[in-house]
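Hi,

Here is the structure I promised to pass on.

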Amino acid sequence: MNNFKKYLEKKESQEYIVDYQRMFNKYDKSAEEMLNEDKIKIFNSDVNERVNLYFNFPWCERRCLFCNYTNGIKNESMHSAYINNLLDDYKRYKGLFDKSEVTSIFFGGGTPSILNVNLLNYYLENIMQITNLTKSYVVTVESNINNLYEEKLEIISKYANRISIGVQSFEKNVRLAANMLFEQDEIIKRLRLAREYIKNMNIDLIYGMVNQSEKKFLNDIELCINEKIPSVTLYRLELHKNLAYSKMALNGNSILDYEFQCSCMYMKAQEIFENAGYIENPSGWFVKKQCTEEKWNNRVSDWKSNKSYIGFGNGAYSHLDNYYLSMICDVDTWSQEVKKGNIPIEFIREKSNFEKEMKSIIRIMRTEQKIRKVNITEGLFTDLEIEKLEATINTFLKYNLVIEEGEEYKLTKIGKGNINWLISDLILNDVRQI
Ligand code: SF4
């Protein structure tokens, strides 16, 4: 870890960027002036034979203080109008990929599980009825601990074969500081109940939170293992300048020290999962070995090969072969566009060669923990880009973040534990001779 600390210390910018999309977004252009026919043409020509769908529901029951999600809380009267608009939008444009097979659907948000049982049933039923799913599909509903009770679980399990739960932390004081309900015993009780309905469960945990020591975080990992949770996804807390919570999380430390502590937490968690028979793929996502059945492997392979990812709902984004699109974020404006029959796109970007090639490299880094030399030298990068990428990789070599093995650079244990840093350095492609 000392090498990694030295590496961090040499960096001029200590800004940690977890969303790669933001690194490419200097190319975004507004789709405001674009004709609906032109937007349709993009969808028509750029969707491949297998697609993954995402549906966004924008609101939550209460606000977690670490979250930068801006839609906030809305009363139930808004829910039904939103769901009807979402269904109209989907029905109108799903024909554009009718020839494709849908391999996965993710009902996310916000928190879709806060919908009342009738509306939740109506929402899931309508989407599922008209979607052409493959045999080994995965349908996930994102849920909150607050909504894990029998009536609701019955509805979710009728349509979904996977549930993803934002637990974030089991620790009382960590949860209190983040404005999250329930203590450990109640959370475990609800998770057990949910698993009676849906075996395939993922839990999200965050590290780097307020009041969270390394010991507490690692206790949470042990708890997931003891509870035989089949899939756990770890997220580093995103620090946002506008949130008081982020300042509290730093707790007077410099970003560098904070980053270093977080990296240690993550790497220790990796080790505990590994010893308990979990495999990490893609990075940050730990799955129990016996759960790596066909469906899960298909998901990883879709993810790796960049199948089309299409998002519906306000703020949802879509990745097509050549374009990146993002839907209008503001719920009212999004609703008005849907009512007019327009595709409610806010930003659209034709991917540059650099972005396309970098995406392939990122996917391989995250799923195979290596960088293939051929992806750098024989892709569509310019000579200057190749030169910069190679210089960045030489820096990784110098600080023992990767090792050279034949035609590949393999990530070392420290490199794997800090993969987001490595990826952001490659994308920013901005070597400062560190
Ligand atoms: S439930 Fe999820 S989306 Fe909603 S405020 Fe909490 S973390 Fe953010």
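**Helix packing and a few other spots**

Helix H9 (residues 214–226) and helix H11 (residues 255–275) have axes that come within 10 Å and cross at roughly 25 degrees. Axes here are lines fitted to C-alpha atoms over the stretch in contact, with angles running from 0 to 180 degrees between N-to-C directions. H9 and H11 are therefore roughly parallel (angles under 35 degrees). From H9, the contact (heavy atoms within 4.5 Å) uses Glu 214, Phe 217, Leu 218, Ile 221, Glu 222 and Ile 225, and from H11 Cys 264, Met 265, Lys 268, Ala 269, Ile 272 and Phe 273. By class that makes 9 nonpolar, no polar and 3 charged residues.

A word on provenance: this is a predicted model, where local features need pLDDT of at least 70 and side-chain atom pairs count only at pLDDT 80 or more, while totals for chains, interfaces and linings use all residues. Residues are numbered from 1 along each chain as its sequence is written, and side-chain values use heavy atoms, with hydrogens and water left out.

H18 is mostly covered, with 9 of its 10 residues buried (under 20% relative accessible area, 1.4 Å probe, protein chains only). Among them are Trp 421, Asn 420 and Asp 425.

Glu 337 sits in helix H13 (residues 331–340) and counts as buried because its relative accessibility is 17%. Leaving aside residues up to four places away in sequence, Glu 337 touches Ile 328, Asn 342 and Pro 344.

Cheers

Note on methods: Buried < 20%, exposed > 50% of the residue type's maximum accessible area, 1.4 Å probe, protein only. Helix = DSSP H or I, 4+ residues; strand = E, 2+ residues; numbered from the N terminus. Parallel < 35°, antiparallel > 145°, perpendicular 65-115°, else oblique. Nonpolar A, V, L, I, M, F, W, Y, C, P; charged D, E, K, R; others polar.
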